[in-house]
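These exercises go with the sequence and structure shown below. Try each task before reading its solution.

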Amino acid sequence: MTVKKIGILTSGGDAPGMNACIRAICLTAEHAGIKTVGYKHGYNGLLNQEFIELDPTRVYNLIQRGGTILYSARCDKFKQDPFVELAAQNLDANNVDALIVIGGNGSFRGAAKLQSVWNKPVVGVPGTIDNDICGTDFTIGYHTAIQTAVESIDKVRDTAEAFERIFLVEVMGNKAGFIALNSAIAAGCDHVLVPERFTTAGEELVKIIDKLDSRRKNKKFASLVITVTENLWPGGLNVLADSLASETGVDVRVLTLGHVQRGGSPSSEDRLLATRMGTYAVKCCVDKMQNIMVAEAQEKPIAVPIEKSWLEKKNLNDYTVEILDKITLLG
Ligand code: F6P
């Protein structure tokens, strides 16, 4: 049986570049004479039969737009077998021959569940700002999120310097430090706290205070900007801010960048990655590959078992960590 119709959905936290990926899938499929339909609101669209027919006119002028025209959602129902079976039946009822899921780890678990009851290709495309998916060098949206964080940190540094304050900048990343580490390096931050290197709150506090003391001794102290991964500091960043203020007597402020990192026009890197991955995902569908995730390793497209995305933990790049240790100012 040849693939005549491909379904697409976006699920979980949206990421800049998801639209560029939808566009690439639609255009590549059209080129091969394959129709595409977009299911809305993640897996909910499969359950509610909420979909739109896609064609080149619908994806025109889309590559530069943030968000996702298919909307996104997290779908708790999809953890239950009867709903997964319903999704498979609905796909068959719509004559869909393959499904592409653009999302993160949670979305890929749903994709694997669907694959276990549906004997047609289910292909994942890694789209999340967190970059926490093992098996691929980068995920769609990650580079744009770093750029957004860097622009904000550059701005906050001006006011931090003017008031000689400490700023704690909380960035997203879920349980991974990719955004914090790389935005800290790119923005020239003074310190960074990431889950992969976090010891205890007590020890980390001492490290920051030591850094501040050595700055003061060398009379170089003006301000400190510290990037921190969300959900990391026990009790939240205001607890760290209070401890730092009382230990050092310096004014401390907290800036939570939050969902702003998920928005905006995708960077050219994300547009290119999304386009390459979307195009390759169509090829995987045509080749009838099942239970796989599209990935890139050293700029080459590859297909990896989808389970890898949650069974294995992606580590920070050692070389980047080494750089951080060399270039953050200690005194
Ligand atoms: O996974 C993407 C992400 O933006 C994480 O960085 C963050 O922890 C989470 O989603 C936020 O989710 P929500 O949009 O439900 O607040």
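**Exercise 1.** Which residues form one aromatic cluster?

Solution. The model is a predicted one. Its aromatic cluster is formed by Phe138, Tyr142 and Phe178. Next, look at the ring of Phe178: the charged end of Lys314 sits over this ring, 5.4 Å from its centre.

**Exercise 2.** Find how many aromatic pairs the whole structure has, and describe the pair of Tyr39 and Phe51.

Solution. Step one: a search of the whole structure gives 5 aromatic pairs. Step two: Tyr39 and Phe51 make a tilted pair, with 5.5 Å centre to centre and 55° between the planes. Step three: Tyr39 belongs to strand S2 (residues 35-39) and Phe51 to strand S3 (residues 51-54), so the pair ties together parts 12 residues apart in sequence. Step four: Tyr39 has 0% relative accessibility and counts as buried, while Phe51, at 29%, is partly exposed.

Now take the rings of Tyr43 and Phe78. Their centres are 4.1 Å apart and their planes are at 20°; pairs with planes under 30 degrees apart count as stacked, so this pair is stacked. Tyr43 is in helix H2 (residues 43-48) and Phe78 in the loop between S3 and helix H3 (81-93), so that the pair links distant parts of the chain, 35 residues apart. Tyr43 and Phe78 are both buried.

**Exercise 3.** Work out which residues of helix H11 are buried and which are exposed.

Solution. Start with the buried residues of H11 (residues 318-327): Thr320, Val321 and Leu324. They cover an arc of only 100° around the axis, which puts them on the same side of H11. Finally, check the N-terminal end of H11: Asn317 caps it, with a side-chain oxygen 2.9 Å from the backbone nitrogen of Tyr319.

**Exercise 4.** Is Ser183 buried or exposed, and what does its side chain reach at 2.6 Å?

Solution. Ser183 is located in helix H6. Its relative accessibility is 0%, so Ser183 counts as buried. The side chain of Ser183 reaches the backbone oxygen of Ile179 at 2.6 Å. A polar atom of that side chain also lies 3.4 Å from the backbone oxygen of Ala180. Beyond its neighbours within four places in sequence, Ser183 contacts residues including Ile146, Ala149 and Thr227.

Conventions. Residues are numbered from 1 along each chain as its sequence is written. This is a predicted model: local features need pLDDT of at least 70, side-chain atom pairs count only at pLDDT 80 or more; totals for chains, interfaces and linings use all residues. Side-chain values use heavy atoms; hydrogens and water are left out. Buried means under 20% relative accessible area, exposed over 50%, partly exposed in between (1.4 Å probe, protein chains only). Helices (H or I, at least four residues) and strands (E, at least two) are DSSP runs, numbered from the N terminus. The arc is that of the directions from the helix axis to the C-beta atoms. A polar contact is a pair of N or O atoms within 3.5 Å; within protein, one must be able to donate a hydrogen and the other to accept it, and residues adjacent in sequence count only if both atoms are side-chain atoms. Contact means heavy atoms within 4.5 Å. Rings of Phe, Tyr and Trp (its six-membered ring) pair if their centres lie within 6.5 Å; planes under 30 degrees apart count as stacked, over 60 as edge-to-face and the rest as tilted. A charge sits over a ring if NZ of Lys or CZ of Arg is within 6 Å of the ring centre and within 35 degrees of the ring normal.
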